[in-house]
Amino acid sequence: MSSESQRIRRQFLPWDRPLLPQAVAFLSEGWPGRAALDLSSLLVLVPTRQSGRRLREGLAAAAAARGQAVFPPRVLSLDALISAEASGTVASRVESLVAWTEVFREAELDGLRAVFPVDPPERNFAWALRLARTLAGLQNTLAEVGLSLADVPRRVEPTFPELERWRQIAALGQRQEEKLAARGLRDGQAEKIARARTAEVPEGVSRIVLIATPDPRPVALTVLARLAEHVPVDVLIFAPEAEAAAFDAWGRPRPESWAHRSLQWENFESQVH
């Protein structure tokens, strides 16, 4: 067993009881209640910001019930974990679109026939902006799985029929990055990928807890796998342990375990309308 797999530990919270009290009980396990509940060394990852607020409220209520305060964990959504830090050097969405638009307005289409087999009726701003939005969306989709435009032609087989098209798309992406660099900016999606590949455990964090997140972005798992090389990661799965085979190491449902499952509902006809 690898050291990483030993550091990623699945924990099951039965679904016959509300999740929030169980999550609070898990995080405060072993706390005697004679002093403040100190969770400041934990990084807790939740599906949404609202669920993070609910968790902090639950921890505060649990501590107050015993006459104590709480030093809360650092609570983040997975989106916040993988987002680039706010910085004046990361391009905004509008700045990225402007750079893409300039690339298309200036491109020599004769050298890009795998992308533009025929010339557009009119190469105006509206045409360029429409393409800019399409390519920006493609960048975002690839970044979800930790890939850039340039990664695709490097990873596909040499016999891939769309290889030349992807090479030309990657070249266009390189020009867009150069446009941004000339303004002292970095592409936001490229920054996200770079951060995923170089992520470090935040200072003071000794353990990470991922709570009930059944559909994390692949790029987020890249970050977590990297962090798991240094600190333990507890994955809290909202299901009974008897269902362990139906979830993978990250708490994602295994499709083959659920696709053909027959649901048994008590008194279905009388209770469901």
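Trainee: How many helices and strands does the secondary structure of the chain come to?

Mentor: The model is a predicted one. Counted over the chain, its secondary structure comes to 12 helices and seven strands.

Trainee: What percentage of the contacts in the chain with a separation of 6 or more comes from residues 24 or more positions apart?

Mentor: As for burial, 40% of the 273 residues of the chain count as buried. Among contacts with a separation of 6 or more, the share from residues 24 or more positions apart is 75%.

Trainee: Are α5 and α6 perpendicular or oblique to each other?

Mentor: Two packed helices are described by the angle between their axes and the distance between the axes. The axes of α5 (residues 93–106) and α6 (residues 125–144) come within 8 Å and cross at roughly 125°. Roughly perpendicular covers 65 to 115 degrees. The relation of α5 and α6 is therefore oblique.

Trainee: Which residues of α5 meet α6, and how does the contact divide by class?

Mentor: The crossing of α5 and α6 is right-handed. From α6, the contact includes Phe125, Trp127, Leu131, Leu135 and Gln139; from α5 come Leu97, Trp100, Thr101, Phe104 and Arg105. By class, the residues of the contact of α5 with α6 are 11 nonpolar, two polar and two charged.

Trainee: At what angle do the axes of α5 and α8 cross, and how many charged residues has their contact?

Mentor: The axes of α5 and α8 (residues 163–182) come within 9 Å and cross at roughly 120°, and the two helices are therefore oblique to each other. The crossing is right-handed. Contributors include Glu95, Glu102 and Glu106 of α5 and Arg175 and Lys179 of α8. Beside six nonpolar and three polar residues, the contact of α5 with α8 has five charged residues.

Trainee: Are α6 and α8 oblique or roughly perpendicular to each other?

Mentor: The axes of α6 and α8 are 12 Å apart, and the packing angle is about 100°. Angles of 65 to 115 degrees count as roughly perpendicular. The description of α6 and α8 is therefore roughly perpendicular.

Trainee: Which residues make the contact of α6 with α8, and how many of them are charged?

Mentor: On the α8 side are Trp166, Ile169 and Gln176; on the α6 side are Leu135, Leu138, Gln139 and Leu142. The contact of α6 with α8 has five nonpolar residues, two polar residues and no charged residues.

Trainee: Why is α10 largely enclosed by the rest of the structure, and which of its residues are buried?

Mentor: Helix α10 spans residues 218–227, and seven of its 10 residues are buried, so α10 is largely enclosed by the rest of the structure. The buried residues are Val219, Ala220, Leu221, Val223, Leu224, Ala225 and Leu227.

Trainee: Is Ala212 buried or exposed?

Mentor: Ala212 is found in the loop between β6 (207–211) and α10. Although it is not a glycine, Ala212 has a positive phi of about 40°. With the cut-off for burial at under 20%, the 18% relative accessibility of Ala212 makes it buried.

Trainee: What is the relative accessibility of Asn267?

Mentor: Asn267 lies in the loop between α11 (255–258) and α12 (268–271). Asn267 has a positive phi of about 55° and is not a glycine. Asn267 counts as partly exposed, its relative accessibility being 48%.

Trainee: Which residues is Val209 in contact with, leaving aside its neighbours within four places in sequence?

Mentor: Val209 has its place in strand β6 and is buried, with a relative accessible area of 0%. Its C-alpha atom is separated by 8.6 Å from that of Leu27, 182 residues apart along the chain. With the neighbours within four places set aside, the contacts of Val209 are Phe26, Leu27, Leu43, Val44, Leu45, Asp234 and Leu236.

Trainee: What distance separates the C-alpha atoms of Ala249 and Glu164?

Mentor: Ala249 is found in the loop between β7 (233–237) and α11, and at 41% relative accessibility Ala249 counts as partly exposed. Beyond its neighbours within four places in sequence, Ala249 is in contact with Ile8, Arg10, Val235 and Arg254. Glu164 is 85 residues apart from Ala249 along the chain, and the separation of their C-alpha atoms is 37 Å.

Conventions
Residues are numbered from 1 along each chain as its sequence is written. This is a predicted model: local features need pLDDT of at least 70, side-chain atom pairs count only at pLDDT 80 or more; totals for chains, interfaces and linings use all residues. Side-chain values use heavy atoms; hydrogens and water are left out. Axes are lines fitted to C-alpha atoms, for helices over the stretch in contact, and angles run from 0 to 180 degrees between N-to-C directions. Helices (H or I, at least four residues) and strands (E, at least two) are DSSP runs, numbered from the N terminus. Angles under 35 degrees count as roughly parallel, over 145 as roughly antiparallel, 65 to 115 as roughly perpendicular and the rest as oblique. A crossing is left-handed if the near helix is turned anticlockwise from the far one by less than a right angle, and right-handed if clockwise. Contact means heavy atoms within 4.5 Å. Ala, Val, Leu, Ile, Met, Phe, Trp, Tyr, Cys and Pro count as nonpolar, Asp, Glu, Lys and Arg as charged, and the others, Gly among them, as polar. Buried means under 20% relative accessible area, exposed over 50%, partly exposed in between (1.4 Å probe, protein chains only).
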